[in-house]
Amino acid sequence: MSAHNYNDPIKVQESFYSLPYHWFPEYRLKKVEREIKKEIILNLLGRFSAIPIHEYLDVGCGDGKWTVDIYNHFKNIHLKATGIDISERAIGFAKIISPFIDFKSYSGEEFPVPSNTYDVVTCIEVIEHVPDEREKKFVEELYRVTKPGGGILLTTPSTHEDVSPHHFRHYSVKQLKHLFADVGFTKIVFSGQSMRLHPRLKWIRNWSNHLPFVWMMWRFSYRERAPQDASNLFLIAEKDFSH
């Protein structure tokens, strides 16, 4: 995996939480990207429809926006939802905005939740924020808290994207599959989102966001794609009943 070139990506990420930024309106194409991502995520979660879903955990929930979106998708089944994150500031925002969800901050490598508990676990744009030396333990914790017969959904940037200042690494399909299979996850399936663009085209796309109507031309660039060609990867996997 490619090494990062930044002193402290965790501090860079924490600096974003001067406000609960996931809840604020973003520029138009960013909103389009998120809505398409949400549609892909909910479709993938539909693969777990055979599982009786009562307990849901969002790992690395930040200010809770994704946690709430997924809770709202499942709430008609009286879902109990929990969100955890290492940022006390982000969790503070989440608790104020969404008091109907159990949000917890934590430190160290172990998640502050019991083993074999959650029917569905999500980890959305989080694993790339985990330091290299904690990466395997982080995935082992995802496995520990998932109920036998339950499933996990994870998203992360692919190696087609340059590593951001608040990320430690990005992933290929092969790297993710090996990492999750190694701790015991099975039936690992991938999808992807957003086409690979040359940096100049990305600049043009961002610039066109400010132009009436023109920005809409770029919606296609955020659609679901084959994982090997995508800028963002989606993984779903199951934990066998035998474990």
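In E4, Leu-57 finds its bridge partner in Val-121. Tyr-56, for its part, stands opposite Val-120 in E4. Helices (H or I, at least four residues) and strands (E, at least two) are DSSP runs here, numbered from the N terminus, and two strands count as paired if DSSP finds at least two bridges between them. The model is a predicted one, in which local features need pLDDT of at least 70 and side-chain atom pairs count only at pLDDT 80 or more, while totals for chains, interfaces and linings use all residues. Residues are numbered from 1 along each chain as its sequence is written, and side-chain values use heavy atoms, with hydrogens and water left out.

E4 also has a partner in strand E5 (residues 146-157): six bridges join the two, which again run parallel. Within E5, Thr-146 is the bridge partner of Tyr-118. As for burial, seven of the seven residues of E4 are buried, so E4 is largely enclosed by the rest of the structure. Buried here means under 20% relative accessible area, exposed means over 50%, and partly exposed is in between (1.4 Å probe, protein chains only).

Stepping back to the whole sheet, strands of a sheet pair through backbone hydrogen bonds, either parallel or antiparallel. This sheet is open, has eight strands in the order E3-E2-E1-E4-E5-E8-E6-E7, and shows mixed pairing. Its edge strands are E3 and E7, each pairing on one side only. H3 packs on the sheet, where it touches E1, strand E2 (80-85), E3 and E4, and its direction makes about 160° with that of E1. Contact means heavy atoms within 4.5 Å; axes are lines fitted to C-alpha atoms, for helices over the stretch in contact, and angles run from 0 to 180 degrees between N-to-C directions. Helix H4 (residues 88-97) lies across E2 and E3, running at about 165° to E3.

Toward the E7 end of the strand order, the pairing is antiparallel. Strand E6 (residues 186-195) runs antiparallel to strand E8 (residues 230-238), with seven bridges between them; Phe-190 has Leu-235 in E8 as its bridge partner. E6 is also joined by two bridges to strand E7 (residues 224-225), again antiparallel, and there Gly-192 stands opposite Arg-225.

H3 has a helix neighbor too. The axes of helix H2 (residues 28-45) and helix H3 (residues 65-74) come within 11 Å and cross at roughly 50°. That makes H2 oblique to H3, given that angles under 35 degrees count as roughly parallel, over 145 as roughly antiparallel, 65 to 115 as roughly perpendicular and the rest as oblique. The crossing of H2 past H3 is right-handed, meaning that the near helix is turned clockwise from the far one by less than a right angle. On the H2 side, the contact includes Arg-34, Ile-41 and Leu-45, and on the H3 side it includes Trp-66, Asp-69 and Phe-74. The residues of this contact divide into six nonpolar, one polar and five charged. Ala, Val, Leu, Ile, Met, Phe, Trp, Tyr, Cys and Pro count as nonpolar, Asp, Glu, Lys and Arg as charged, and the others, Gly among them, as polar.

Asn-116, in the loop between strand E3 (102-105) and strand E4 (118-124), has a phi near 55°, a positive value in a residue other than glycine. At 39% relative accessibility, Asn-116 counts as partly exposed. Glu-125 likewise has a positive phi of about 55° although it is not a glycine, and it is found in the loop between E4 and helix H5 (135-145).
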